[in-house]
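Subject: Structure handover

Hello,

Here is the structure we spoke about. Please open it alongside this message.

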Amino acid sequence: MTLEDLAPSPLYQRKQGRRSYRALKENLAAHVFLLPWFAGLLIFTVGPMIASLYYSFTRYDLLSPPQWIGLGNYVRMFTQDDRYLTALRVTFIYVFVSVPLKLTFALFLAVLLSKGLRAVGLYRAIYYVPSLLGGSVAIAILWKRIFGIDGIVNQALGLFGVTGLQSWISVPNTAMSTLVLLAIWQFGSPMLIFVAGLKQIPRELYDSAQVDGAGPVSRFLQITLPLLTPLIFFNLVLQMIGSFQVFTSALIVTNGGPADATLFYTLYLYQQGFGNYQMGYASAMAWVLMVIIMVFTAMTFLTSRFWVFYQDGRS
Amino acid sequence: MQTTLKRREFLRAGTAALVGSSVLGLVSCGSTNSGTPGSTPLKLEFWGTTERDKRTRQVISLFEQSHPQVKITSQFTDFNSYWVKLGTEISGGNEPDLLQMDMSYLAQFTQRGLLLDLTKDIPDPINLTDFDQVLLKGSEANNTVYGVPLGGNYQATFYRTDLLTKAGVGDPDPNMTWDQFATYTTKIAKALGQGVWGTDDGSNNGIIFEVFLRQRGKEAYTSDGQINYSKQDLVDWWTYWDDMRKSGACLPASLGAGAPTTNTTNPPDSPLLTGKSVFHFDWSNLIVAWQKFSPTKLAMTVFPQTAGSQMGHYFKCSQMMSISSRTKHTAEAASFLNFTINDPGAIKALDIERGIPGAATAKTILKPQLTAVQQEELAYIDLVSQYARPKAVLDPPAAGQVATAFMLYASKIAFGQISIPAGADQFLADAQKLLKKA
Amino acid sequence: MSNQSLRVVGAPRNQAMSFLPFTWPRFFTHLFLIVGTVIMLYPALWMLSASFKPSDQIFSDPGLWPRTFTLDNYINGWNALDTSFGVFFLNSFIVCILVVIGNVFSCSLAAFAFARMRFTLRGFWFAVMLATIMLPGSILIVPQYVLFKSLGWLDTFLPLTAPKFLATDAFFIFLLVQFIRTIPTELDDSAKIDGCGPFQLYWRILMPLSLPALATTAIFSFITTWGDFFGPLIYLNDQSVYTVAVALRSFVDSTGTSDYGAVFAMGVLSLIPVFVIFLIFQRHLIEGIATSGLKG
């Protein structure tokens, strides 16, 4: 499978003779369309990325020029830094638990809120509010309160007769779950994307299916789900990339604690780079993360040919 | 944008400054009094909150009044973001002229030659003759002055007087030993019942550990930046607190040593203020911030002592103002430093929000404007200074990372993830690695 | 893919499209949604309520309705810094609107090329585009700072806005690509037969059809930029160009005396514009479909 297959192909009649001329014209036109992106890439992205790659082979404390140390940072990461391995483990668990749950809720609510319910617009706005609260001080305080030893969660559980409860957020075994819940709570963005996608599915398809006698379940499975797959794919890829890089919630709610139970990768990277002024080491960590993300994204792309249905001719 | 209130304020303060300066003759007025106003721009950066910003801006206005050719722009952010921004600026060659400096970063910054050696600027324009010498000495690196201390504080214990009354015990005796402290807090915890503990867990607190070490006659680090304590010291320390946890005298792991510490944990949601703990360890100048959020009265006392030992407390420079070694305006910057610590108007503006000022006249100048809480802070300073002796060794550059490791191992021990001896071994191994790298 | 004839349909908004897998009575749906609403809104409501409480009661008064009601936090917070929050709000608006415009135009151009055009190394460039999302942004700050300093862009909005006009937010390129790919190519084909060149195809056909995706891009761009404080923290020195996000960090620090009341009050105020923008744009998501033409 080539990279070429990852991107779509347009469908129009290709007459033999005119093919090369037309292809050349289209080639040129495409590059014109891409000119802003190329420029942005060149000016703002490529240079800094190369610089950070260079830093990853140096010891760089920001306060004095970088010093070349070759693979020293990479060796240190994998052989001399237990906290790094902890960060890897913590982040993997977080990604593979929170992303599926978050997407499931997002899809479920999107479906629910695409019906012609009363005040559906208002509901959508309400369900988006958590995503607006992002890295606010309010979340930092409230999440600790809600899941603390005297928090609402424990009070509610107490009503059901559950006693002897610990704090959820400051005990290593359960701290991660509170951050997973925070991620899921902020499902507004993928939900919105699903709503937009659902709205694009032609009603006629449902109408004709209904006429043919299909019930709601099979309508969902045969029409909605397949047509939504490009967006499910998009959300999956981007939520995965995003949660590998999650940072703010861990920083403000738990700061990696208790006892490194929530030491997310990017948080640890940030602490090393900006807190301890070890930008070389942090850069190396960033590039390793990028490779990890690339691997998983590529895997997702590879599987996509089996379950994603585009309408521009592929599969 | 200036409001009328501000104008009135600085007019009032400005008058006071003029009166003060004519009496004390300390303010160097317009030594470079040539050229148009604003011809010398200085950039100042510091960390803090809006409270500190207001005061700092007042000082700047006062200074600009008497030095019209200098224009200082100031910026601030929270402590953690400050170092992120400063590091980025330095790497881009855009550091500010005046920067607030913390003792934990001093070694690193001076080793990299980023701070101006102020030796030749003393005593003119920076007059330190009536300045607290203990504070000054404690802020030096390699016996050289790299910044003027803006304030000093001592380690302190805050406690809930109302809970002590409720428990039926008297106030703590400053001479109380660690063992007596254990008994004392166990009694309190038992009296107050379920859900309340006698004290915060100090096992993860490098500050108290350092005081404890100094009571044993050793500084935390050697003069060449190595760990100066033994595994036994660590084991003694962590065992003490482990016993306290087991007896219920101090907070359990999830509330104390293991609890996540973020910028927004303290003070409002802290165990002290939510009534879960009676004693809390912190810095003396923060009593104001803590009392603000506490509906009940907080009192202060010293750390527990070690019988027949040396004094453990020390007067710490809470923050200082340094000059970048790459500044183009040394004279003006130094002049500003002198103004900040010696000018009565500036002293009044800064109050004791950054800590106890070093100028000998400060206490007299500030006395009329101190609140009740602040007066208590001063009273505490008098008390604790009897239990203090100067700190002899500056923390090496990697000390912050060692402190993080210390907290991590303490919390792992508190959660039972690792035994105390193993924790001590691993911590010492990690610490040595960290110190070697720097 | 079934044949679809071209006709304009305005789907009535209240038409129930019941393709839910389960047939739940309306009641349970609403119950679920209302419980969900409480869970979704509780922190925002707490923040709102805290903003009206005096500082020393914010943490001690647990109820959502303030025991003592005060506007001090709003008044103090607004003027707490040397520059009033009004300036910060204006700055945030300017930056966010510029980012929205930049993103919508530059990312849609790139997305059109990726989704609808054939060109050399398309797969490779697509992978490069995705790769730019995979590197944590905080790592690039230092070299980008050096770059912006050498361009003389520090203390301006340029570092925050100019790159967006050059499609540096690859997230939206990918989003738009996926959306465009859900649009069948029949309309493209007929337009091409009618002699449409690529730009007209882009401007006249695909962009109008992509309105939901463009609206999503606009909303997300606005909201992310509004809350972004890292960029402004590093690039902005002069307080008069501060944005709300970075100004909000002035109130709370454990090394000083924090003003929680003010941070909550200003936080509430800062939520309002994003919420309003969201309400406005999300309506376009629906209307975009109803009047879009091709979709039946």
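Below is what turned up, taken chain by chain and then at the contact between chains.

First, a caution: this is a predicted model.

Chain A
Chain A holds 13 helices and two strands. Its C-alpha trace spans about 65 × 60 × 30 Å along the principal axes. Of the 315 residues in chain A, 48% are buried. I also looked at contacts in chain A between residues at least 6 apart in sequence: 70% of them join residues at least 24 apart.

Chain C
Where they meet, domain 1 of chain C puts nine residues in contact with eight residues of domain 2 of chain C. On the domain 1 side, six of the contacting residues are nonpolar, two are polar and one is charged.

Chains B and C
How many residues does each chain bring to the contact between B and C? Chain B gives 32 residues, and chain C gives 32 residues. On the chain B side, the elements that supply two or more residues are α2 (50-66), β2 (70-77), α3 (79-91) and α10 (287-293) of chain B. By class, that side of chain B has 15 polar, nine nonpolar and eight charged residues.

Best wishes

Methods
Residues numbered from 1 in each chain as written. Chains lettered and ligands numbered in written order. Predicted model: local features only at pLDDT ≥ 70, side-chain atom pairs only at ≥ 80, totals over all residues. Contact = placed C-beta atoms within 7 Å. Helix = DSSP H or I, 4+ residues; strand = E, 2+ residues; numbered from the N terminus. Nonpolar A, V, L, I, M, F, W, Y, C, P; charged D, E, K, R; others polar. Buried ≥ 20, exposed ≤ 12 C-beta atoms within 10 Å, placed from the backbone.
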